[in-house]
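Trainee: I would like to go through the labels used for this model and check each one against its definition.

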Amino acid sequence: IKCVNIQDTFAGKIDEMKVYGKPLSASEIKTIYDATVGDLPPVSVNCSATNIRCVDDTAGATQEYVTIQACANVAVAGDTCLVYPGNYPEFIQTVNSGTASNKITFKANGLAIIEGIRIKNQHITIEGFDMTKYGSGLSPAHVSVEPTGSFCTVKNNKIRDGIYLSSRNYYFDAATKTIRNPAGGFLAAGFEAGAQIYLASDINNWIKNHDKVKTIKSVTDTVITLVDTDTLITEGPVFSLIYVTRIDKSGVKGIDFNLTSSAGSANNCVISGNLFSNIVGAAVNISGSNHLFERNIIERMSGWWIFTFGGDNNVFRYNHIRNSPRYEGFGAPGDGAVHSDGPGSWDFYSSIFRSFGSPSISSVNNVFEYNIVENVDNQFMTIGAYAPGLSTAPKTSSKTIFRNNVFSGIEGQ
């Protein structure tokens with residue numbers, strides 16, 4: 001028997017504990033472990049308090065602001081934008097910075113659904129939201145952290161369900177610039193006018209329209225019509241996966257730290273207690289240094305990268321990466337299976353861990369410890385990839401430290 005001081009491994013606050021007087025079945029354990037974040041019932045709050053700004057899409061005593069962006073526009077250090085239950089189809093941008101002792105907090109008070117948020121300022125906290133279905137827009141992720149967004153905290157959010165649809169009966173028509181799926185499903189999946197889409201197929205059985213980025217002009221449940229400047233090759237019925245993406249074809253990530261050659265990247269952020277589920281893109285793309293990514297659940301990533309990281313002294317610990325089979329219809333690349341345009345993201349055979357750098361930015365002393373990785377159809381790791389948008393090799397990409405992790409059911413190596 002080994003006695004452990006809980007403060008050695010846990011520096012937070014315990015707000016709920018249950019003791020069970022019997023062994024639990026597998027289904028009972030799963031129910032407990034799968035308990036979601038971001039959807040607790042609202043609590044009573046005094047909206048007239050000077051540092052509380054209440055947001056509600058339903059008229060009443062708690063409606064000081066109808067939109068979260070309206071609150072963000074006026075929030076200053078020490079303020080909390082408290083968001084009541086509702087569906088807020090917004091991609092919020094922060095306007096002002098908090099301080100180390102008086103952060104600006106955006107907090108869901110119940111089930112508040114948003115598309116995402118861009119953190120442009122320092123000392124910002126994002127807590128408790130349900131983020132999903134981010135379609136048209138320029139941000140590469142549901143949470144986009146700009147180089148000016150250091151000392152941010154993103155905690156206890158649910159980031160889920162990217163916009164995609166696969167079918168074995170797609171019909172592509174060059175004359176009408178349409179993609180038709182007789183079974184429908186485009187609207188329910190979240191496709192919308194203005195969104196960029198990527199056309200993917202299995203590298204072992206690629207289609208004529210494979211590896212193309214297009215833009216939606218209009219959409220019905222069964223037909224996507226592309227903008228006038230786009231082209232297609234007529235074919236069908238064929239198998240394809242179509243998903244909303246950005247310019248780099250890698251979908252919409254969960255969290256992305258924007259890296260630029262002039263401004264660098266944000267540093268010293270904490271990503272904790274979030275659920276990343278069924279995202280069409282990497283769970284997190286971290287650049288910058290001294291970030292802490294801990295106690296998150298990542299699942300159903302379908303062959304995407306889990307972590308891509310650059311910068312120094314970042315720590316990834318106590319995370320659970322689980323249950324991520326490749327998208328149905330996609331297999332591991334066969335021997336010599338290379339598309340005529342070269343290998344690409346359509347493989348869905350990416351790495352769990354992928355380090356990158358730039359000519360001026362190193363990627364060293366990043367630590368992965370006490371994580372559980374199970375049932376994931378990915379390779380283990382890629383080291384030394386180029387930073388997105390940069391064409392030369394990293395300055396340094398080494399000293400990635402793995403210790404005390406558990407791996408089970410990993411397809412690649």
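Trainee: Why is Asp79 called buried?

Mentor: Buried means under 20% relative accessible area, exposed over 50%, and partly exposed in between, with a 1.4 Å probe and protein chains only. Asp79 has a relative accessible area of 5%, so Asp79 is buried. This is a predicted model, in which local features need pLDDT of at least 70, side-chain atom pairs count only at pLDDT 80 or more, and totals for chains, interfaces and linings use all residues. Residues are numbered from 1 along each chain as its sequence is written, and side-chain values use heavy atoms, with hydrogens and water left out.

Trainee: What makes the contact of Arg53 and Asp79 a salt bridge?

Mentor: A salt bridge is a side-chain nitrogen of Lys or Arg within 4 Å of a carboxyl oxygen of Asp or Glu. The side chains of Arg53 and Asp79 meet at 2.8 Å, N to O, and form a salt bridge. The pair links distant parts of the chain, 26 residues apart: Arg53 is in strand β1 (residues 52–55), Asp79 in the loop between α2 and β2. Helices (H or I, at least four residues) and strands (E, at least two) are DSSP runs, numbered from the N terminus.

Trainee: How many salt bridges does a search of the whole structure find?

Mentor: The search finds nine salt bridges. One of them joins Arg317 to Glu294, with the closest N and O atoms 2.9 Å apart. Arg317 lies in strand β24 (residues 315–317) and Glu294 in strand β21 (residues 292–294), so this pair ties together parts that are 23 residues apart in sequence.

Trainee: What are the distance and the locations for the salt bridge of Glu369 and Arg403?

Mentor: The side chains of Glu369 and Arg403 meet at 2.8 Å, N to O. The pair links distant parts of the chain, with Glu369 in strand β28 (residues 367–369) and Arg403 in strand β32 (residues 401–403), 34 residues apart. Glu369 is buried because its relative accessible area is 11%. Arg403, at 40%, counts as partly exposed. Elsewhere, salt bridges that share partners join Asp130, Arg160 and Asp161 into one network.

Trainee: How do you know that Cys71 and Cys81 form a disulfide?

Mentor: A disulfide is a pair of cysteine sulfur atoms within 2.5 Å. The sulfur atoms of Cys71 and Cys81 are 2.1 Å apart, and the two form a disulfide. The torsion about the S-S bond is about -95°, so this disulfide is left-handed. Cys71 is in helix α2 (residues 68–74) and Cys81 in strand β2 (residues 80–83), 10 residues apart. Cys71 has a relative accessible area of 0% and is therefore buried; Cys81, also at 0%, is buried as well.

Trainee: To how many disulfides does the count come by this rule?

Mentor: The count comes to three. Cys47 and Cys54 form a disulfide with sulfur atoms 2.0 Å apart, and with -95° about the S-S bond the link is left-handed. Both Cys47 and Cys54 are buried. A disulfide also joins Cys152 to Cys269, S to S 2.3 Å. With 125° about the S-S bond, the link of Cys152 and Cys269 is right-handed. Cys152 is in the loop between β8 (141–145) and β9 (153–155), Cys269 in the loop between β17 (253–257) and β18 (270–272), 117 residues apart. Counting bonded cysteines along the chain, the pattern is 1-2, 3-4, 5-6.

Trainee: What makes β11 and β16 a pair?

Mentor: Two strands pair if DSSP finds at least two bridges between them. Six bridges join strand β11 (residues 164–173) to strand β16 (residues 235–244), and the strands run antiparallel. Phe172 stands opposite Glu235 in β16. A closed barrel of six strands runs β11-β12-β15-β14-β13-β16, with antiparallel pairing.

Trainee: Why is Arg322 called buried?

Mentor: Arg322 is at 6% relative accessibility, so Arg322 counts as buried. Arg322 is found in strand β25 (residues 320–324).
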